[in-house]
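Here is a short report on one protein model. Look at the fold first, then at the space inside.

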Amino acid sequence: MENTTSPQMRGVGTMAGAMFILPMMDAIAKWLSTVDSLPPATVTLSRFVVQTILTLLIIAALTGVRSLKPHNLWGNLFRGFLMGIGSLCFFAAVKYMPLADAMAVFFVEPLMLTLLSAVVLKETVGWRRRIAVAIGFIGTLIVIQPSWELFGWVSLLPLGTAALFAVYLVLNRRFGAHDTPLVMQLYAGIGGTVTVMAALVLGAVFGVSDMTLGSPATGMSWFLLFAIGAIATGGHLLVVQASRLAPASLLAPFQYLEIVMAVIIGLFVFQEFPTASKWVGIAIIIASGAYVVWREGKKHKAPEPAFN
């Protein structure tokens, strides 16, 4: 079909691929903090250090060191700052919360992204797309409904990650026209590394155990620390590329696919068995994304009235 080859549809497919990969990173972070007893800040530092090294090597091998200079240095470093704080919050959350619970709280983010894309990027967000995002969010609430009584202040950490990630995606769209995904990820990795190192200093000063530097005890722990950075690099390269190809408001519903993977991983790795209501929520999430694809394909075939 003609619409399946359009840049926007490729952007949707790229975002969907990223959403299936990135929950593996979160699961590894949970494993390292709960089973291997590594502080979340240590896990987060490894995630950004590995990302920085890998992207630097890839850029040097493909295009040479002369292509390392970004068009917008401070903007890309700021993206790294946002991701550094966001990753710290989320990795700390999954240490204490079930993976799917933390992801459910995080998924207020597409609603934030839709609002920001309209306000900041001046993108046209039709009422059908708004409804699809809202329905997808309802699906996440059906999957799991975390509460303050169950998790206390920890339940606010994924909410903070959601707000930071929404701004990050908007910046991806803004800076993606000038820098390649690899260059953007390199400087985001540098910004994230510096941010987490600052957090480690603060953790040492104030005695916050989750914000300290720990030492892996086994070879498997070292491998997982590398893997979390490699997955983050690949997954966020896909996110950046998707943001270059399609409007943020169109991509928003497909981020709900991430919670599908989170539930599956929680089931097989952490024995967090979904209830019947969770499966209903997953079906709603998938249906909302599929509807947006169908609507986008219809737009390519025929013009719609202005009120649509």
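## Fold and inner cavity

Among contacts (heavy atoms within 4.5 Å) between residues at least 6 apart in sequence, 89% join residues at least 24 apart. This is a predicted model, where local features need pLDDT of at least 70, side-chain atom pairs count only at pLDDT 80 or more, and totals for chains, interfaces and linings use all residues. Residues are numbered from 1 along each chain as its sequence is written, and side-chain values use heavy atoms, leaving out hydrogens and water.

The protein has 13 helices and zero strands. Both are DSSP runs, numbered from the N terminus: helices are H or I with at least four residues, strands E with at least two. Of the 308 residues, 56% count as buried, meaning under 20% relative accessible area with a 1.4 Å probe, protein chains only.

How many cavities of 30 Å³ or more does the structure hold? The answer is one. A cavity is a set of points on a 1 Å grid over the protein atoms alone, where a 1.4 Å probe fits but cannot get out; lining residues have an atom within 4 Å of a point. The volume of the largest cavity is about 220 Å³. Its lining has 17 residues, and Met 25, Asp 26, Met 83, Phe 106 and Thr 161 are the closest to its centre.

Helix 3 gives the most, with six residues.

Technical notes. Buried < 20%, exposed > 50% of the residue type's maximum accessible area, 1.4 Å probe, protein only. 1 Å grid on protein atoms, 1.4 Å probe; cavity = no way out; pocket = protein on both sides within 12 Å on 5 of 7 lines; lining within 4 Å. Points joined across faces, edges and corners; volume = space filled by probe spheres on them.
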